[in-house]
Amino acid sequence: FFCNFFFFFFFFFFFGNLLRRMLRTLGLERYSSTKLKPHLKMAEQRFGILISKKTNLIKQQKREISELLKLGKEEKARIRVEALIRSDFTIEAYELLALLCELVHERISLINSEKQCPSDMKEAICTLIWSSNRCEVPELKEVAKQFELKYGPEFFEMAKNDQYECVNSRVVHKLGISPPSALIVIKYLVAIADEYNVDWTPADTGLDDVSLANQAMPGPSGFSVNIAPGSNLQSAYDTPMPQGPVPAPLQIAQIIDIQPPQEEQQQDNELQQQREQLFPSSNNSDTHQNKNNIGTSKQHQEQQQQQRNSPSSDPPTVEDIHIPAAPGSTLPSTIEKTTPTVPRPQNLSTTSQDDDDDEKQPQSITNNGGNSDYDSLAKRFESLKK
C-alpha cells in the first residue's frame, strides 16, 4: 500500500507540470477559477510583505542620507535619494496592485459569467497583466496566465503591451524606469534635512524652473568632494597655482646647445690664467717657444749648447739646481745635498726607458733655451718627488 501511494504521488508531482504544458501547447488547457482565486489572494499577501520590507529599508536610507547632508556630501545624497524615491514609487504601485487583486477576487463570479472581459473590469485586468513581468510577485504571473486562458492570447498580448491604453497610468508611472525629476529630488532632500534637523541648503543645479520640474538631476560635477580627503591637508592648496602655458620639454638639440653662464666662463678663464702662471706649458708649439725665449740671450744659449755637446763636460748635478716648492706644500724649495748625482748620457736621443718624463720631454731641453730647460727639469723633479 505504501509503495503504491508513493508511486502515484511521485508520478503526479513530477509529471503533472509536464502534462499541463503539453495540454497548453495543444490548446486543451482550460481556464480555472479555482486556480485564479487563491493566486489572487497569495499575490495580495505577497504585496503586503514586500511593502513592509521596503518601508523599513526606506527608514534606514533616510538616516544615511541625513548623515551625508551633515558631512556636506550633497552629490552622493542626491544619488541615494533617487534610490529612496524609486522604493517609494514601488511601494505606491504595490499598494495599487494589491487593491486591484482584491477587487478581482471579489468579482470573480462576474468574470466567470461572461465570455468577454467586462468593461468595468478591463482596467484592473489589463493592469495586472501588464505588471506581471514588472514586479517581484511570482503569483501575479499565474494570474496573468489564467486571464490568457480566459480571454485568449490576442487580448493577453495587447494588454501586456498596453495597446488598449487602459492600464492604470499611475501604476505605469510608478513602475517605469525613468528617473525622478530634479525638483522631486530636491524636495526629498529638504524634507529629510528638516526631519533630522540638519542645517542644509540646496546648491544651485544650473536648471531653470521648467527644466527642474521636467528633467532629471544632472550628473555629479564633484563640487562636494573634499580636497585631499585622506591627509586633511587642504591648506596646501590654498595658494593659487600659477596660470599660463606649460613650458614644452627641451629637445636633445637644445640641451646640447646650452652654454654655461657668463660668470662661470669668467671664473674658468681666471683659473686657467692662474694655472698658466704657476705651471707654464712646455709644448713645442711656436707660441710657447716665443714666450719662453723672451729675455734669453744668444750667448747663454750657445754656452748651454756647448755644455750638452761636449763629452768631457760633467753633467749637472741635482744639488746645483734650485727647484721651487709647489704651491701649498710644506716641502723646502731646494733638494738636500745628499741627493745622488744623475749621470747624463752623451746622446739625449738614447735616454733610459725607466723615466717616462725623459721620453716625453727630451727635445724641449735642447730647443727651448734656458728657461725651457729650467721648466722641464723642474717638472721632472716634481714627478720624481711625487
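Author: Contact means heavy atoms within 4.5 Å. This is a predicted model, where local features need pLDDT of at least 70 and side-chain atom pairs count only at pLDDT 80 or more, while totals for chains, interfaces and linings use all residues. Residues are numbered from 1 along each chain as its sequence is written, and side-chain values use heavy atoms, with hydrogens and water left out.

Reader: What share of the contacts with a separation of 6 or more joins residues 24 or more positions apart?

Author: Take the contacts in the protein chain with a separation of 6 or more. Residues 24 or more positions apart account for 72%.

Reader: How many helices and strands does the protein chain have?

Author: Both are DSSP runs numbered from the N terminus: helices are H or I with at least four residues, strands E with at least two. The count for the protein chain is zero strands and 17 helices.

Reader: Which residues of α9 are buried, and why do they line one face?

Author: Buried means under 20% relative accessible area and exposed over 50%, with a 1.4 Å probe and protein chains only. An α-helix has 3.6 residues a turn, so residues three or four places apart point the same way. The buried residues of α9 are Ala182, Val185, Ile186, Leu189, Ile192 and Ala193. Seen down the axis, by directions from the axis to the C-beta atoms, they line one face because they fall within an arc of 125 degrees.

Reader: Which exposed residues does the face turned away from the buried side of α9 carry, and what do the buried residues pack against?

Author: The face turned away carries exposed Lys187 and Asp194. The buried residues of α9 pack against α2 (33–70), α3 (74–106) and α10 (209–214).
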